[in-house]
Amino acid sequence: MMLLVICIAVCIAVVDSANDAVAFTKGLVSHAHLTKGEIIKFDKSITNINADFTGDGKFLVQTPGIYSFHFHALSRKNEEIWLDLYKNKDYIVSIYAYTINDWADASNTVVLELQKGDLIFVKAVDNYENWIYGAADDIYTTFSGELVVPETTVDSSVKAAFCVSLTHNMTLNGDHVVYDKIITNVGKGYDANTGVFTVSVPGLYMIHYHALAQLGKRMWLDLYQNDKYINTAFGEAPSTYADHGNSAILELHVGDKVWVSGRPGDTVILYGDASDEQLYATFTAFLLSPAQHGIFTTDNIETGLTTNNVIFDRVWTNQGGVFNMAAGEVRAIVHGVYVFSLPCSL
């Protein structure tokens with residue numbers, strides 16, 4: 001039986017950076033065997049814009065504000081990975097992956113409010129063997145972060161972000177995932193009673209969601225904007241725990257509601273255990289750019305080109321027409337730091 005490995009890759013590309021920008025992507029280019037809760041020392045710097053790191057591999061915050069972090073890992077064949085993201089001495093979230101007789105991957109994303117001197121890092125779970133894949137021409141294990149909004153920004157219209165997680169197992173039959181642990185909730189848009197984010201600041205939002213299924217169960221989740229289906233995260237790994245997630249950039253208006261739900265007609269059991277520091281299911285969003293007087297544009301889309309690039313056939317957001325559907329390419333028209341998220345199947 002062939003097993004399906006599903007991954008999401010996130011990286012940061014720099015076209016040109018402003019002086020107050022902070023962004024990084026680090027990769028692992030050598031195999032790692034961790035046994036005693038070691039901090040991962042990513043040995044390749046892919047992007048570094050004003051990002052400081054300590055000698056033991058921790059990101060050191062110099063500019064206070066709202067940050068987004070993404071971490072991904074791929075196991076060696078027939079081995080496990082179980083990694084945690086920490087803020088100083090505080091546990092935040094985990095990733096876990098194992099596939100019998102195959103490679104396994106996992107990822108997660110968080111949004112945090114940070115102060116100068118805070119330390120963010122990825123470490124192995126204490127007293128647990130991690131076999132992580134790394135090679136110079138095969139970089140799967142990465143750690144990325146970017147400053148979303150500096151603390152010095154006084155305009156509240158550009159401050160909207162949340163990050164939530166699930167602290168216990170939850171069985172879904174098409175209903176909303178009600179994430180009960182609030183990690184970040186700038187603007188108070190997320191409701192822990194319903195699992196719904198309600199928009200108060202219109203604009204372009206980056207949305208991420210990740211989850212781990214209970215042992216031997218499917219992980220099948222859908223993202224919704226109001227009553228409109230957006231995309232899906234699916235994972236299935238017989239005799240082990242299935243992990244997956246997905247992302248979207250959405251144009252949201254005041255009053256719009258965004259949530260994650262289980263696939264209707266399919267019983268989904270998500271894994272979570274706060275008592276043992278095992279938080280895998282997360283739902284995050286942050287405002288990329290506020291709407292200008294509530295107006296979005298989607299013009300200048302070119303057509304008729306022939307290319308070998310992957311051609312996506314549906315677009316939810318294309319402000320300014322920067323994505324060329326026919327060519328499968330993004331054309332940068334504004335200098336800055338760009339975040340790319342790529343779901344893929346192997």
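Tutor: Two strands count as paired if DSSP finds at least two bridges between them. The model is predicted, and strand 20 pairs with strand 21 in the antiparallel sense over seven bridges. Within that pairing, Gln225 has Lys228 of strand 21 as its bridge partner.

Student: What makes strand 17 and strand 21 edge strands?

Tutor: Their sheet is open, has five strands in the order 17-18-23-20-21, and is antiparallel in its pairing. Strand 17 (190–191) and strand 21 each have a single partner strand, so one side of each is left without a neighbour in the sheet. An open antiparallel sheet of five strands is also formed in the order 5-6-11-8-9. There, strand 5 (52–53) and strand 9 stand at the edges, because each has a single partner strand.

Student: What makes the approach of Gln225 to Asp256 a polar contact?

Tutor: The cut-off for such a pair of N or O atoms is 3.5 Å. The side chains of Gln225 and Asp256 make their contact at 3.4 Å, so the distance falls within that cut-off. Beyond its neighbours within four places in sequence, Gln225 is in contact with Ile230, Leu250, Glu251, Leu252, Asp256 and Lys257.

Student: Why is the pair of Phe24 and Phe59 called tilted?

Tutor: The structure holds 26 aromatic pairs. In this one the centres are 5.0 Å apart and the planes stand at 35°. Pairing needs centres within 6.5 Å, and stacked needs planes under 30 degrees apart while edge-to-face needs over 60, so the remaining label is tilted. Phe24 lies in strand 2 (residues 23–27) and Phe59 in strand 6 (residues 59–60), so the pair ties together parts that are 35 residues apart in sequence. Both residues are buried.

Student: What makes the pair of Trp220 and Phe234 carry its label?

Tutor: Their ring centres are 5.2 Å apart and their planes lie at 80°, so the pair is edge-to-face. Trp220 belongs to strand 20 (residues 219–225) and Phe234 to strand 21 (residues 228–235), 14 residues apart.

Student: How do you know that the charged end of Lys58 sits over the ring of Phe121?

Tutor: The distance cut-off from NZ to the ring centre is 6 Å, with a further limit on the angle to the ring normal. The charged end of Lys58 is 4.8 Å from the centre of the Phe121 ring, and is listed as sitting over that ring. Likewise, Lys26 lies over the face of Phe53 at 4.5 Å from the ring centre. Phe53 also belongs to an aromatic cluster with Phe24, Phe42, Phe59, Tyr67, Phe69 and Phe143.

Student: Which residues touch the most other members of the largest nonpolar core?

Tutor: They are Phe59, Phe69 and Phe143, in a core of 41 residues. Among the strands that each supply at least two residues of this core are strand 7 (65–74) and strand 10 (105–114). A second, separate core has 36 residues, including Phe162, Phe197, Leu250 and Leu252.

Student: What makes strand 10 largely enclosed?

Tutor: Nine of the 10 residues of strand 10 are buried, so the rest of the structure largely encloses this strand. Strand 10 pairs with strand 7 in the antiparallel sense over 10 bridges, and Ile66 stands opposite Glu113 of strand 10. His72, which lies in strand 7, is buried, with a relative accessible area of 5%.

Student: How many helices and strands does the chain have?

Tutor: The chain has zero helices and 30 strands. Of its 346 residues, 51% count as buried.

Technical notes
Residues numbered from 1 in each chain as written. Predicted model: local features only at pLDDT ≥ 70, side-chain atom pairs only at ≥ 80, totals over all residues. Heavy atoms only, no water. Phe/Tyr/Trp six-rings, centres within 6.5 Å; stacked < 30°, edge-to-face > 60°. Helix = DSSP H or I, 4+ residues; strand = E, 2+ residues; numbered from the N terminus. Buried < 20%, exposed > 50% of the residue type's maximum accessible area, 1.4 Å probe, protein only. Lys NZ or Arg CZ within 6 Å of the ring centre and 35° of its normal. Polar contact = N/O pair within 3.5 Å; in protein donor to acceptor, adjacent residues only side chain to side chain. Contact = heavy atoms within 4.5 Å. Core = buried A, V, L, I, M, F, W, Y, C linked by side-chain atoms within 4.5 Å.
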